Amino acid sequence: MTPEPVATGAPPQAAMAERRLHPMSWLFVLLAQLRQFVVPLVALLVFGRGDRNELWPLIGVGVLALSSVWQYFTFRYGVAGDALLVRKGLLERSLRVIPFARIHNVALQQSLLHRVFGVAEVRLESAGGKKPEAEMRVLTLADALALEQLVRHRGQVPAAGNTGDIMVAHAAPEATTLLQLPLDEVLRHGLVSNRGLIVVGAGVAGLSQFSPRLLPNLFERWGEVVFGYAGSHDFGVPEYALAAASLAALAVGVLRVLSMLLSLLQYYGFTLRESGRRLTVERGLLARWRTSASRRRIQAWTLHEGVMHRLLRRRSLHVDTAVAEDQQQQRALREVAPIATPETCDRLITHLLPNADWAGQAWQPIPARSWWRLWLPSVPWVALVGVVVGWRFGAWGLLALPWLGWSAIAARQHARRAAYAVNDQLVAVRGGWWSRWWRFAEIDKLQAVSLRLSPLDRRCGTATLWLDTAGATPMAPPLRIRFLPEAEARALHETLTVTLARRPLRW
């Protein structure tokens with residue numbers, strides 16, 4: 001028999017008895033593999049013609065079922081000292097040793113089916129690579145909670161069994177609740193978000209699986225009915241305008257209702273707890289998520305305040321963590337406060353960053369004369385739209401010109417609000433007008449500081465300072481300071497570079 005390959009390090013000498021997955025784990029693995037084939041299989045069963053050849057895809061389902069059962073019998077995990085052991089395979093075996101110190105995030109998930117069987121899915125994530133260090137589908141609820149505690153305390157807590165709901169049964173006695181969203185706050189979150197578009201997009205994608213022409217045919221039929229009714233009643237321009245406004249208001253209302261329903265499903269019971277140096281978030285109505293990460297894994301922070309946020313006097317507080325993700329954003333610790341009052345957000349920042357002096361930041365505005373740099377990129381696009389519309393509809397293309405004036409006003413407002421702040425512990429930037437944001441990070445978490453000068457910068461005597469952290473998401477505002485006078489930018493770059501050279505990187 002060939003020796004088992006070791007993926008990371010060598011296994012410790014003493015290890016606790018290895019454990020298997022839950023006996024029903026094969027079912028959950030099979031369902032996860034079949035998820036992408038659900039719609040075609042349903043279409044086959046509903047619209048099939050009874051031809052025997054249509055049953056061939058079921059052979060693939062049988063193969064997937066056998067592979068799921070095989071995984072249950074060949075997967076083992078155990079704990080040895082300060083590391084987790086994961087053993088896979090029977091003919092071709094592998095042994096992976098994962099030190100607890102490498103695990104940055106522990107994510108536990110319970111779908112409705114998980115809760116029926118009293119099990120949970122566990123993901124152990126690190127900052128390296130796109131895949132989790134280990135993924136266990138599925139463990140008994142007691143084993144999942146015990147494994148979470150072992151990771152949290154670096155293997156120093158015995159794997160005592162616990163039962164009950166994953167979200168409430170295992171809150172450590174020393175845990176402190178930092179934020180808990182009541183039902184009305186969850187509904188407010190639905191109002192300020194645009195998550196209804198996700199539901200609409202999923203519905204469109206699902207319908208298109210059955211027939212590519214289904215939605216176009218529905219819209220064509222709807223248009224014929226609407227315009228036929230309008231033509232038979234001799235509608236004029238005011239009536240058409242009123243009808244369009246009514247339909248737009250109805251669409252916005254439907255999207256907001258869908259957003260509220262989706263927020264209710266995803267954020268019901270949202271609770272942020274702190275246990276020692278570790279943060280844990282629990283949320284969900286039918287499917288439940290529990291994810292935790294060490295405070296030191298937080299790399300950057302983002303405060304967001306949109307128009308609806310300001311009307312409701314609310315903000316959102318998000319963080320970037322040094323955790324690898326592969327389209328699993330909902331399982332990572334991203335949202336410290338999905339929605340909260342400005343005072344609550346400031347209190348959380350002050351509590352989690354006690355030495356940063358967030359409330360006492362001395363904001364330095366960027367030069368107000370740089371507004372035209374923000375306005376300039378919109379000019380060619382407006383000109384292009386005006387030319388295309390004018391070529392197709394004549395004088396109507398001139399309607400694009402007022403947009404230049406509006407974009408100039410918006411650029412002035414953006415430049416007026418843009419500013420940065422730097423102290424011994426924190427570097428922060430802010431921006432936006434209708435939708436405002438604040439982006440900041442501890443200096444010890446910066447991985448790179450770069451000074452960039454574009455040809456226009458060299459012409460204007462300015463520079464841009466880019467600050468890089470681990471775990472940054474494409475959707476978050478960039479951590480950069482723009483349009484600084486070159487001498488000021490170089491002095492700040494030198495100060496941050498010297499500071500980083502003296503301090504160890506903490507991530």
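**Aromatic rings in the chain**

Of the contacts in the chain between residues at least 6 apart in sequence, 61% join residues at least 24 apart, where contact means heavy atoms within 4.5 Å. The model is a predicted one, in which local features need pLDDT of at least 70 and side-chain atom pairs count only at pLDDT 80 or more, while totals for chains, interfaces and linings use all residues. Residues are numbered from 1 along each chain as its sequence is written, and side-chain values use heavy atoms, with hydrogens and water left out.

The chain has 16 helices and 20 strands, taken as DSSP runs numbered from the N terminus (helices H or I, at least four residues; strands E, at least two). Of its 507 residues, 39% are buried, that is, under 20% relative accessible area, with exposed meaning over 50% and partly exposed in between (1.4 Å probe, protein chains only).

A pair of aromatic rings is described by the distance of the centres and the angle of the planes. A search of the whole structure finds 7 aromatic pairs; rings of Phe, Tyr and Trp (its six-membered ring) pair if their centres lie within 6.5 Å, and planes under 30 degrees apart count as stacked, over 60 as edge-to-face and the rest as tilted. One of them is the stacked pair of Trp301 and Phe440, with 6.1 Å centre to centre and 5° between the planes. This pair links distant parts of the chain, since Trp301 belongs to strand β11 (residues 298-305) and Phe440 to strand β17 (residues 436-442), 139 residues apart. Trp301 counts as buried because its relative accessibility is 2%, and Phe440 is likewise buried because its relative accessible area is 0%. Another pair, Trp433 with Trp434, is tilted, at 5.3 Å centre to centre and 55° between the planes. Here Trp433 counts as buried because its relative accessibility is 16%, whereas Trp434, at 44%, counts as partly exposed.

Ring pairs also join Trp301, Trp358, Trp363 and Phe440 into a cluster.

Rings meet charges as well: the charged end of Arg315 sits over the ring of Trp438, 4.5 Å from its centre, and the charged end of Arg452 sits over the ring of Trp466, 4.6 Å from its centre. For a charge to sit over a ring, NZ of Lys or CZ of Arg must be within 6 Å of the ring centre and within 35 degrees of the ring normal.
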